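Please open the model in a viewer and keep the selection panel at hand.

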Amino acid sequence: MTRSKPRTFGQAKIGGQVKIGPYEGPAGGWGSMIGMGKVVGREGDLPVGQLLRQNKPDGFMCVSCAWAKPAKPHPAEFCENGAKATIWDLTPRRATLAFFARHTLTELRDWTDYELEQAGRLTEPLRYDAGSDRYVPCGWQEAFDAIGVELKRLEPTSAVFYASGRASLETSYMYALMARMYGSQNLPDSSNMCHESTSVGLTQSIGAPVGTVILDDFDKADFFFFFGQNVGSNSPRMLHDLQKAVRRGATIITFNPLRERGLEAFRNPQSPFQMLTPDVTEISAQYHQVKTGGDLAAITGLCKWLIEADEMARAAGNPALIDHDFIGQYTQGFEAFADFCRRADWADIERESGLSMAALAGAARAYGESQAAIGVYGMGLTQQRLGVENVNMVCNLMLLRGNVGRPGAGLCPVRGHSNVQGQRTVGITEKPELAPLDRLAEQYGFEPPRDKGLTTVEVCEGVLDGTVRAFIGLGGNFLRAVPDSPRVEEAWTGLDLTVQIATKLNRSHLVNGRVAYLLPCLSRIETDEQATGPQTVSMEDSTSCIHASDGTHPPASPDLKSEPAIVAGIAKALLPPNSKVDWEAWTADYGQVRDAIEATYPDKFADFNGRFRQPGGFHRGNPARERDFSGMEGGRATFIVPSSLSAVGFADQADLFRLMTLRSNDQFNTTVYGYDDRFRGIQGTRDVVLINAADMDRLSLTEGQVVTLVTDSSDGVDRRKGGLRVTAYDIPPGCLGAYYPECNVLAPVAHHSKQALTPAVKGIPVRIVA
Ligand SMILES: Nc1nc2c(c(=O)[nH]1)N[C@H]1C(S)=C(S)[C@@H](COP(=O)(O)OP(=O)(O)OC[C@H]3O[C@@H](n4cnc5c(=O)[nH]c(N)nc54)[C@H](O)[C@@H]3O)O[C@H]1N2
Ligand SMILES: Nc1nc2c(c(=O)[nH]1)N[C@H]1C(S)=C(S)[C@@H](COP(=O)(O)OP(=O)(O)OC[C@H]3O[C@@H](n4cnc5c(=O)[nH]c(N)nc54)[C@H](O)[C@@H]3O)O[C@H]1N2
Ligand SMILES: [Mo]
């Protein structure tokens with residue numbers, strides 16, 4: 001078979017020359033304009049009208065990250081990466097029937113992630129034809145009926161209903177209800193690979209699975225900790241809030257193995273003054289390059305210093321450094337935690353964190369002087385073997401000074417997908433205790449499954465051992481996003497049914513079960529016209545605020561269906577008629593779905609239809625925010641003692657490295673916009689491994705040398721990734737950085753958080769083979 005892929009899509013062409021060197025500019029600024037311009041150049045016109053509607057109360061909610069949307073937005077309330085995401089969705093390119101007639105799936109499996117999405121928007125429903133190894137056209141009803149027939153043949157507990165985090169609250173509610181009415185609790189979500197450590201850890205510590213702050217707190221805080229979150233690339237709009245805070249005199253202290261540009265300096269592209277002058281805002285007052293997996297040690301050091309300094313201060317008759325009133329009134333477990341900190345040895349803390357006692361004391365002292373602090377964190381903490389304990393530790397640090405449940409203070413896990421938090425809120429969860437099953441039973445007159453469903457990691461295990469038989473994907477790129485991706489792929493072809501609901505072609509659409517459908521849906525930015533007129537959807541941001549979102553762009557193809565219509569189509573074919581669920585009426589009028597959501601969750605969604613257009617969104621409430629810990633065991637927020645000072649979960653050995661898999665500034669998860677990671681000074685390639693210069697010397701490696709990484713595991717599986725260019729980088733000794741999803745081959749499914757089952761892709765044990 002000849003490879004007929006369009007050459008212009010080749011990596012060399014789009015990336016241009018490979019250039020690696022330090023990036024001197026700030027985040028934002030002209031670089032962000034140029035970065036956006038490159039994507040515009042490839043995708044056609046700049047959709048200015050749509051960009052101006054982005055994140056506005058009467059516009060649409062950005063399809064990129066989940067950061068909060070202000071009630072009074074800036075005229076251009078979008079960032080470089082949000083703009084890229086919009087431009088990416090509105091591309092003029094189309095993956096038409098002619099495209100699928102030209103290419104077999106075997107051939108397409110040779111394409112890169114970038115090349116696949118460059119085929120453009122999917123245009124009509126497709127069925128996989130194994131004989132010709134191609135996708136062929138099929139009608140919508142034919143697809144729904146066939147999916148219904150296949151699912152009805154299976155044990156419901158062997159079918160998986162995955163969601164990626166982008167689909168609306170309305171779609172997600174319908175999807176979860178469909179799965180449960182069919183009899184499956186297997187409702188994993190990308191969240192299982194992301195902030196599941198947060199859902200578990202925050203619940204243990206403060207009794208709420210989500211962050212406690214809202215945007216208003218960002219205006220009131222005078223101190224921020226930043227642990228393992230790359231704001232400049234992954235939630236750039238937050239930089240505006242941070243810039244305002246710094247200008248007000250707030251202190252930001254960052255813990256990150258890499259000196260991420262957005263956490264160092266920012267030039268606001270929306271400020272004509274900053275764009276035209278050398279003026280740049282310095283973001284972090286202190287920057288601590290903690291070892292990968294070293295946060296438990298670092299935070300232990302911070303707490304130890306505070307607890308001991310507090311004892312000395314009080315003994316000398318000086319003001320306390322920790323909030324004893326708060327601790328006494330609202331928390332439990334403090335004494336055991338304080339003991340643990342007192343007993344912790346500075347030598348161990350320094351070794352495990354890679355930071356000096358003096359550096360940690362400096363950070364603790366600054367924190368001790370603050371009035372209201374926010375603890376911000378991301379994947380650097382959650383995607384670790386001890387990810388849950390990392391989250392517990394940030395809570396301990398905040399609880400020490402009463403920084404939960406008062407203005408300007410709280411926990412701020414930065415969520416990923418634009419509605420990932422909301423999907424969990426309306427029932428996409430494999431944990432039966434998190435879904436209001438009794439209420440659903442009563443509302444819809446059926447007996448929901450009560451057993452625990454499968455998480456993402458358990459789905460991988462189930463695919464590998466043959467117990468999972470069917471997979472429905474509401475968005476996402478499961479096969480690329482999961483650990484051990486090649487092994488899971490190989491087993492995937494043994495499934496009875498695979499269904500992917502998607503906007504653009506990706507790897508997960510090229511590896512199929514016996515029966516397979518690819519169902520193209522509208523993007524959130526597009527007009528969603530139904531029987532009662534154009535429809536509005538809604539989503540929940542990182543701060544639990546719920547927003548309306550209206551698409552107005554013409555659909556990419558007349559044959560697309562909306563996500564609610566697709567879910568309803570499958571549900572009608574799959575489920576026996578039920579007088580209490582009118583899927584057709586719901587599809588015709590999403591307001592009725594919102595009424596149903598309100599009926600299921602009367603506290604969180606009271607007057608949903610009346611409130612969801614409120615500028616800035618409406619807050620669905622969070623007991624920890626009100627210092628209400630009555631739902632917790634013991635009725636108090638809880639200090640939790642960590643089990644180790646290292647989060648990676650493996651012993652240090654000579655030449656065994658801690659690999660963190662990273663996102664570039666030019667991707668959204670598995671969607672690769674281009675090959676430039678501007679802020680890290682890497683251009684034209686993603687095939688790099690970032691390494692400390694001393695480690696390079698020790699191993700006699702030279703800059704640009706091509707090496708293979710091999711995972712250290714005892715299960716007998718050979719996991720390796722070759723073709724990586726050695727790149728000297730400012731990274732702590734013993735740590736390596738390389739890109740996700742290319743390196744997912746190196747991550748064993750079994751290497752995950754023990755408590756949350758989040759894959760530990762920030763601390764993979766690897767060796768370098770020259
Ligand atoms: N443009 C864009 N936006 C995105 C995404 C995207 O891919 N592109 N993805 C979205 C999604 S789903 C998510 S979950 C978020 C992800 O956003 P982030 O939470 O920022 O996730 P990562 O990019 O994986 O990077 C995590 C950061 O953790 C640091 N790190 C790694 N290991 C450690 C450690 O042990 N300790 C500490 N303290 N730091 C560590 C890394 O250096 C890096 O800066 O962004 C969302 N927004
Ligand atoms: N090694 C490693 N692995 C990781 C991570 C890591 O840091 N390192 N991060 C993990 C994290 S945090 C996450 S969240 C997961 C991400 O995992 P996923 O959410 O499964 O993957 P995405 O790349 O976000 O999915 C992109 C695809 O979604 C589809 N899509 C886009 N928009 C829409 C839409 O509006 N509707 C529908 N139906 N489909 C749409 C498109 O077809 C696109 O190709 O990956 C995880 N995997
Ligand atoms: Mo994520």
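A residue is near a molecule or strand if one of its heavy atoms lies within 4 Å of it. This is a predicted model, in which local features need pLDDT of at least 70, side-chain atom pairs count only at pLDDT 80 or more, and totals for chains, interfaces and linings use all residues. Residues are numbered from 1 along each chain as its sequence is written, chains are lettered from A and ligands numbered from 1 in the order in which they are written, and side-chain values use heavy atoms, with hydrogens and water left out.

**Ligand 2.** Select ligand 2 and the 31 residues around it; Tyr162, Lys504, Thr670, Tyr740 and Asn744 come nearest. Next, display the polar contacts, that is, pairs of N or O atoms within 3.5 Å. A side-chain N or O atom of Ser164 is 2.9 Å from an oxygen atom of the ligand, and a polar side-chain atom of His417 lies 2.8 Å from an oxygen atom of ligand 2. Thr503 places a side-chain N or O atom 3.3 Å from a nitrogen atom of ligand 2.

**Ligand 1.** Move to ligand 1, which is surrounded by 30 residues, the closest being Asn256, Glu260, Gly293, Asp295 and Gln667. The side chain of Asn81 has an N or O atom 3.2 Å from a nitrogen atom of this ligand. At Ser233, show the backbone: one of its N or O atoms lies 2.9 Å from a nitrogen atom of ligand 1. At Arg663, a side-chain N or O atom is 2.9 Å from an oxygen atom of ligand 1.

**Helix 15 with helix 21.** Now select residues 295-315, helix 15, and residues 387-400, helix 21; helices are DSSP runs (H or I, at least four residues) numbered from the N terminus. Their axes are 10 Å apart, at an angle of about 20°, where axes are lines fitted to C-alpha atoms over the stretch in contact and angles run from 0 to 180 degrees between N-to-C directions. Helix 15 and helix 21 are therefore roughly parallel (angles under 35 degrees). The contact (heavy atoms within 4.5 Å) includes Asp295, Leu296 and Ile299 of helix 15 and Glu389, Asn390 and Met393 of helix 21.

**Helix 15 with helix 18.** Among the contact residues are Ala297, Gly301 and Trp305 of helix 15, with Trp346 and Ile349 of helix 18.

Key: Helices (H or I, at least four residues) and strands (E, at least two) are DSSP runs, numbered from the N terminus. Angles under 35 degrees count as roughly parallel, over 145 as roughly antiparallel, 65 to 115 as roughly perpendicular and the rest as oblique. A polar contact is a pair of N or O atoms within 3.5 Å; within protein, one must be able to donate a hydrogen and the other to accept it, and residues adjacent in sequence count only if both atoms are side-chain atoms.
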